[in-house]
Amino acid sequence: MNGYNGKIAKIDLSLQTTEDVFIGEKDLKMYLGGKSMAAKIIYDAADEKIEAFSEKNMIVITTSALTGSTAPCSSRFNISTISPLTGLLTSSNCGGNFGLNLKKAGYDGVVITGKSEQKVYIDITDNKIEIKSAEHLWGLLTGEAQEKMGEEKRGKLVIGPAGENKVRYAAVICEERAAGRGGVGAIFGDKNLKGLIASGKVSMEMADKENFKTFNKKWIELLQKHMLTGEQLPKLGTAGLLSLMNYRNLLATRNYSKGSYEDFEKINGETLSEEHLVKNKGCLTCPIRCGRVVMAYGKEVKGPEVETLGLLGSNLCNNNLQSIINLNHLCDEYGIDTISFGSTVGFAMELNEKGIWSNGLNFGEHEQLEELVRLVAMREGLGSELAEGTERLSEKYGGKEFAIHVKGMELAAYEPRAAQGMGLGYATSNRGGCHLNGGYLVILEGLGLNVSGSTTRGKAAFTIFFQDIMEAVSAGGTCLFTTYAMLPQVLIKNPNRLLTRIIYKTLPSFGIFTGFFHNNTWLLGFNLNSVLPHPKAIQLVTGFSMNIGRFVKAGERGYNTERLINLRQGLKGSDDTLPKRLTHELQREDEPESKVKLNEMLGEYYSIRGWSNEGVPSLSRLKRLGIEVKRN
Ligand code: SF4
């Protein structure tokens with residue numbers, strides 16, 4: 001099958017059985033792969049709510065059409081499961097070498113159910129699956145566990161002590177990359193699964209290899225020539241966004257009570273580059289190379305992303321960059337999501353400051369944080385409380401109005417009171433407080449382009465369009481940063497030109513057209529390869545007839561399937577909301593617009609999506625998307 005192996009490995013850890021399950025071309029065509037295909041598998045597999053910590057919960061690891069094709073940034077793979085943090089679907093994307101190796105081993109994905117009595121790991125080599133003892137790996141940090149799993153070149157995926165101890169935001173680590181969000185690591189731990197290892201020599205067939213080669217070369221050139229993907233990201237990493245976020249009041253600070261941090265220059269991308277950078281680094285097949293290599297504890301380690309700088313820096317009023325680097329490394333080693341950890345600690349600090357919960361944690365004091373990572377991972381003392389995440393802490397101690405989470409998952413480092421679209425994205429994101437699944441509209445609202453962040457006009461339509469594009473890009477198997485090259489450079493380079501300012505001013509009015517095209521994707525039956533090369537690349541690899549319209553529709557299909565799973569898990573429309581701090585407290589006293597006006601956008605959002613006032617997709621919309629509805 002062009003672009004795919006056409007089969008997934010199904011592993012039942014209770015019964016210790018393995019089986020090959022074949023995937024039909026129709027499903028691949030409709031869902032492409034990645035998180036969308038995982039959603040399809042999870043939706044079809046159950047008729048009722050699944051508890052996160054139960055044998056019925058499944059871990060679904062998926063690759064995509066472009067995995068193994070050498071397309072730029074195509075080593076990404078996805079892990080989906082029911083999250084122990086939210087009780088809803090979570091999908092976590094990772095850039096390490098596991099996905100590529102899994103595909104070479106002969107599988108497009110792995111579905112793991114049940115629970116092993118013994119500590120185990122799974123070995124997948126050249127179409128052969130074995131469940132092996134992990135007694136010798138249990139308790140190890142992620143770096144050492146990967147070393148002990150065997151040959152360096154094989155794809156490895158492991159949890160650390162945090163996953164073993166079911167920390168609700170435990171990550172899964174591959175090389176130094178994390179599938180961080182939503183607590184996927186805790187589900188591995190619950191199943192007594194330390195990790196997986198994969199490798200093989202299975203080669204992938206392509207529909208049009210020669211033309212793909214030429215096309216791919218041009219795509220790489222496009223990324224290398226664009227100022228964001230060719231200059232800024234390689235030079236400064238995502239950390240390069242931090243100063244701009246601060247300047248535009250978008251930087252989560254002091255448990256999201258502010259959007260800017262007076263010491264931002266001590267922790268920004270420029271300082272990281274000048275004072276700490278050893279070299280930059282990329283995931284496999286990536287021409288952008290946004291990864292940072294820095295020093296911690298006397299060795300070269302992965303440097304922090306902008307999210308980590310925000311959540312472990314400004315959000316905790318921690319201006320010590322070496323401390324953030326150390327914390328980032330420790331979180332990777334213990335297998336903890338830096339975003340949820342930083343946000344939960346920030347909330348605990350505010351509870352302490354307000355005298356609600358005396359816990360000894362104070363804004364601006366970073367000295368005890370490194371030990372705190374270990375305490376959380378081991379669930380010892382205070383760490384055991386923090387391991388439960390923000391929402392559960394707020395249920396126990398109070399402070400719900402400033403407990404910063406959506407549907408139970410902590411938000412990324414973008415403070416949305418200066419970016420209405422990002423606020424709407426957080427509120428409606430399928431996996432909770434996620435910037436990427438939420439559509440990342442902040443890229444239009446100050447981080448790439450400079451459309452007003454305070455207007456709600458057009459934001460519902462743009463948010464939906466971006467959510468579905470992000471979904472499709474992820475399903476197709478490439479890194480979401482490849483979409484940065486969609487932004488017109490002429491606007492970014494000339495921010496003060498009259499024409500640029502007119503475009504920014506009028507762009508929100510085009511929301512109405514965006515919504516129209518979103519709901520009439522047949523009008524987008526063409527490709528714009530210099531803006532969005534993904535559909536054409538997928539066509540050349542798989543042979544599927546693909547264009548922008550079909551690509552967006554595939555994204556919408558994935559997004560709606562995820563929504564259906566969440567509804568089955570008990571999600572209500574009233575859960576599409578934000579913490580009160582973000583909707584009722586002004587970010588800046590002198591700026592009456594500086595709160596998220598969610599009510600002005602949500603109705604329009606539902607309407608364009610074809611969802612009811614309760615946030616339930618209509619049958620006609622599902623039919624149009626070709627989603628078979630399960631009755632339950
Ligand atoms: S852009 Fe960064 S995160 Fe994306 S594939 Fe490249 S190195 Fe990995």
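Let's start with two helices, α24 (residues 548–568) and α26 (residues 599–609): their axes come within 13 Å and cross at roughly 115°. Axes here are lines fitted to C-alpha atoms, for helices over the stretch in contact, with angles from 0 to 180 degrees between N-to-C directions. Helices are DSSP runs (H or I, at least four residues), numbered from the N terminus. So α24 and α26 are roughly perpendicular, a label for angles of 65 to 115 degrees.

A word on the source. This is a predicted model: local features need pLDDT of at least 70, side-chain atom pairs count only at pLDDT 80 or more, and totals for chains, interfaces and linings use all residues. Residues are numbered from 1 along each chain as its sequence is written, and side-chain values use heavy atoms, leaving out hydrogens and water.

Who touches whom? From α24, Glu556, Tyr559, Asn560 and Arg563 meet Tyr605, Tyr606 and Arg609 of α26. Contact means heavy atoms within 4.5 Å. By class, that contact has three nonpolar, one polar and three charged residues. Nonpolar covers Ala, Val, Leu, Ile, Met, Phe, Trp, Tyr, Cys and Pro; charged is Asp, Glu, Lys and Arg; the others, Gly among them, are polar.

Next, α19 (residues 459–476). Helix α19 packs on α24 at about 95°, axes 7 Å apart. That makes α19 roughly perpendicular to α24. Among the α19 residues in this contact are Phe465 and Ile469; the α24 side includes Phe551 and Tyr559. The classes here: seven nonpolar, three polar and four charged.

Conventions
Angles under 35 degrees count as roughly parallel, over 145 as roughly antiparallel, 65 to 115 as roughly perpendicular and the rest as oblique.
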